[in-house]
Structure formats: structure tokens, C-alpha cells
Amino acid sequence: MPDAAPSLPGLFVGQSHDGDVATAQTLLFHRANRHGVIAGATGTGKTVTLQIMAQGFSDAGVPVFCADVKGDLSGISQVGTNEKLLARATSIGLTLSPKAAPVVFWDLYGVKGHPVRATISEIGPLLLARMMDLNDVQEGVLAVAFHVADKEGLLLLDLDDLRSLLAYVGENAAVIGREVGNVAPASIASIQRAILQLEQDGGDVFFGEPALKLTDLMQIAPDGRGQVNVLDSTRLMNSPRLYGAFLLWLMSELFEQLPEVGDPEKPKMVFFFDEAHLLFRDAPKPLLEKIEQVVRLIRSKGVGIYFITQNPADIPDSVLAQLGNRIQHALRAYTPAEQRGLKAASESFRANPAFDTKDAIQALGTGEAIVSLLDEKGAPTITARTLIRPPDSRLGPATDVERATIIATSPFKSAYETAIDRESAEEVLAARHAAAGAAEADREAAEARARADAAAAKQRDADQKAADKAADRAARDQAADRARYDRETARTRAPAKPRASSRQTPMEALTKSVLRTAGSTITRELLRGILGGLKRR
């Protein structure tokens, strides 16, 4: 029987047998930052393996972050064991010491743990495009928007800031396009629709402040054990792109912020990425290259990354090659695709002449695994069929009451419960828009006043011209009247021309007689005609 404590500082994973020889399978702490993979079909014991590894690192004073996709991992926060587990422990010579790990619960939605938030600026355009499933053109427009925000000092905290920024870019597309290329309105509209979908998937509560501080994930409990951070992902799994992008962001932030430490005696932190296939599925080549870079380089920061998935074939070869510690639970292969996956899984292990790895993987029972861990020189050990040790904490989920008690007594409760909405791009751009609107209103008012003044001046000129014309006409009429008056006056005052003789001529006498006769007749006719009844027939 092996001792529970390994000869070199490490995490006791389980016990293997080669004939009558029992061997302790130990993950050495100074090789734990070389990463690893835990694979196997559903129900074969991956979550239990994750639990015993997370608690083992915690006991060694290493902080741990792990995603709980089914809710089962929450039991690590509680003391508990059962007869079956005690029997397994006895069979491998292990004495269990039931205890709970120092757990802090987190939840992007703030329901089953402390809220987890990040700002739009921290996530960046590449991961944000991944979350929203943007195409290359739309991703380029998003990158332009971030460039504009950086250039103009616009702080991007939440989705409202991003909406306002995109609207601003659209309104100024002609000016911005001259510097960075064409910004199509259709692309902006597509991104705005994708933002709406991301908001419905939970982005409205994830993006904002206070943002998660990585130092709060790397705490050591008063008793010297590492803090176990459990991210409740039961609801988050309904938004797989958000889940994958968030965990990748967390990995990249660890890489960016932590200092170089080389190969420490034990990791500074261990990061477990459950359902790892969601990170790589349909990922574009640039993103895969980023992931490979982070996985390859982050070990020098003292961080170990462990991917949990059904089949190692779910992980690209360029990333799988970086995973030195491997634990493979049972796989079933009924279809041609599953057969290819089984072959790929078996070929990723160092061969053991005592058995065929491919056949052994299919024959594993629950709680058993094919294990190959790095030795003290960093080389993979010969593959061994191993009975995984039972956990010291409860196997199964914590109750809602137990979870609520831990959340209520957490030192981070007051730090993250209340959201903060400080001035950012939305408020700045709204102020600019209001100022521009006021300036435009002032300009339009000034133009209106100028037009009114010009119209009034024009009317005054027209009135003056009309008055001058009327005065001229009146003067001319007055002059004409004066002239006529003068002519009449002159004619009236002129002396009469004397007659040469007072005797009438025969013609003058006849004319006067005719005129008198006509005048008398006309007068009588008029009197008769006017008096009517007095007229005689």
C-alpha cells in the first residue's frame, strides 16, 4: 500500500497497480504549471477528479479557480463523506480527513454567488467579437470603434457605452473613414443587433463596474490554504460563447498582470476550464493563435491551466501539446467519429507495454482513469490505469441554504454586490451631442435673426422707394395742377376782343331764332315728359 503523502511535494491523484506492485500517482507541485487535461465521457468521474485536484491544490496553499457547470462542484465547500468513498480510500491505503475547502462563490448573474463584472474596454474587440459571433468585416468595424474610443479618451464600461460609441462612429463615418477606412452603416447596424442579443444572454449584468480584481481570486485563507473560487455556470452554459470568452479573458488577464516567475515550487494559481470544447469550437484562426500563445507562455507566470472535456480531440493539437499532465476517464466509441476520437486520445499518452491504451480507455469503470503525469524532470510517466482517490469534501452539490451562508459571510460581499455607473462614453457623447445641439440651435437662431433683419431692411428700402415715388408723383401732379390753374387764370383775366359792329348779320339772326325755338320746344317736352299725366295726347 502506498503512503498518502508522496515523497516529493505533490498532489496524490490515485493509485495504480502493475501486478502486485502499487504505485501512487502524484501530480508534482513544481510541475503543475505545465498544465493538464482531464477527459472522459459524461458520468465517468471527471468532476470528482477536478474536485480532488482543486482541494489538493488548496491544501497546499495554491488558490484555485474552477467553473461549476452542473452544480455538483459546489459540494467542495462542505464536509461530507460516505461508506462507499471510505471503502475506496481504504482500498488504496488512504486515510480521509473530511473537511471543506475555503470556497468563494461567483456568478456572472449575481444569483448563486458574488457578481462577476468586466468592462467593455477590458474585454477588448477580439473577445467581444467572439461573444457576438461577428464576421470579419463586422469585427473590423468594432476594432475601428475601439480605436476611436482610445483616441478620444472615451471610457467603455458597459453595453450602453458601446451602443453610444457605435452611433457616434456611424454619424461621423465620413470623417473617420478617411483615417481608418470605410465604415459601412450596415455593419454598424448588424453589431447593434448583436449587442441586443448579447444583452439578452446576460451581458447587461456582466459588463460594468466594479470590475473583478484578479487579486481577489488569489487569496490565501487564514489557515494557509488557497482560496477555491467556484464560478456557478449552470445558467451561463446557455450562452456558450459568453462562457468561453469570459474564461479566456480571465486567463489572458492572469497572463497580462502576473509577473514572470519561471518554474516555482508550486503554482501561484491553478485554473480549471470545464467544457473546454466550447472555447475552441468554431473559433477563428486568430483567436486560436491567441489561446495557444496564452497557454504556452502563462506557465512562466506560475499559472497552471487544466482543461476538462470529453475527448482530448476537442482541443487543438497546438494547445494539446502544451498539456503535460493527463488524466483520461472512460470513453465509449460506437460511431466512426468516436472511434477516431478514441484513437487520438490513446495516442496522446505514453505507451505502457503491459496493456493497450485504446482498449484500456474503453474498459475503465467509474472512478478509474488512465493517468500520465510529469516526473521531476518534466517527462511524462508511463501510462498507468489508476483508481482515483475520493475527495475529503462532500461528493454532491451544496444546498441553497449552505451556499447562501457562505455568500453572506464572504469578505467580498460588500465589494461587488452594488453596481457602479460612473461617467463614461455614453454620458460624454450625450453631453457632446447636447452641446452640439445647443450650438446648432444658436446658429439657426442667429441665422433666423439675420434673415429677419435682412427682410426688415429690404422692406424699409421698398417702403422708402414707394414713398419717394409717391412724393415725386404728387409733386408732378401738383405742378400740373398749378400749371392748369395758371393757364385758366390767365385766360379768365385776358381782355375781350372788341366787335367790329353791333349789327347782326342775317346768319346770326337766323341762328338765334332757331336756337330760341328749339330751346322752348325742348323745355316744354321735358316738362311734359317729367310731369307725365299733364301731357296731352
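User: Why are α4 and α7 called roughly perpendicular to each other?

Analyst: The model is predicted, so local features need pLDDT of at least 70 and side-chain atom pairs count only at pLDDT 80 or more, while totals for chains, interfaces and linings use all residues. Residues are numbered from 1 along each chain as its sequence is written, and side-chain values use heavy atoms, with hydrogens and water left out. Helix α4 (residues 136–152) and helix α7 (residues 185–206) pack at about 90 degrees with their axes 9 Å apart. Angles under 35 degrees count as roughly parallel, over 145 as roughly antiparallel, 65 to 115 as roughly perpendicular and the rest as oblique; α4 and α7 are therefore roughly perpendicular. Axes are lines fitted to C-alpha atoms, for helices over the stretch in contact, and angles run from 0 to 180 degrees between N-to-C directions. Helices (H or I, at least four residues) and strands (E, at least two) are DSSP runs, numbered from the N terminus.

User: Which residues make the contact of α4 and α7?

Analyst: V137, Q138, V141 and L142 of α4 meet S187, I188, S190 and I191 of α7, where contact means heavy atoms within 4.5 Å. The contact holds 5 nonpolar, 3 polar and no charged residues. Here Ala, Val, Leu, Ile, Met, Phe, Trp, Tyr, Cys and Pro count as nonpolar, Asp, Glu, Lys and Arg as charged, and the others, Gly among them, as polar.

User: What makes α5 roughly antiparallel to α7?

Analyst: The axes of helix α5 (residues 159–171) and α7 come within 11 Å and cross at roughly 175 degrees. That angle makes α5 roughly antiparallel to α7. By class, their contact has 10 nonpolar, 3 polar and 3 charged residues.

User: Why is α8 described as oblique to α10?

Analyst: The axes of helix α8 (residues 240–257) and helix α10 (residues 285–298) come within 10 Å and cross at roughly 45 degrees. That value makes α8 oblique to α10. The crossing is left-handed, a term for a near helix turned anticlockwise from the far one by less than a right angle (right-handed if clockwise). The residues in contact divide into 10 nonpolar, 1 polar and no charged.

User: What makes β2 and β6 edge strands?

Analyst: The open sheet has 12 strands in the order β2-β1-β12-β11-β10-β3-β9-β8-β4-β7-β5-β6, with mixed pairing. Both β2 (21–28) and β6 (114–115) pair on one side only, pairing being at least two DSSP bridges between two strands. Strand β8 (residues 269–273) pairs with strand β9 (residues 303–309) in the parallel sense over 5 bridges. In that pairing, F272 has Y306 of β9 as its bridge partner. Helix α8 packs on the sheet, touching β4 (64–68), β7 (228–232), β8 and β9, and its direction makes about 160 degrees with that of β8.

User: Why is the ring pair of F57 and F272 called tilted?

Analyst: Rings of Phe, Tyr and Trp (its six-membered ring) pair if their centres lie within 6.5 Å; planes under 30 degrees apart count as stacked, over 60 as edge-to-face and the rest as tilted. By this rule there are 14 aromatic pairs. The centres of F57 and F272 are 6.5 Å apart and their planes lie at 50 degrees, so the pair is tilted. The pair links helix α1 (residues 46–59) with strand β8 across 215 residues of the chain.

User: How do you know that the peptide bond of E209 and P210 is cis?

Analyst: The bond joining E209 and P210 is cis, with an omega of about 5 degrees. P210 lies in the loop between α7 and β7.
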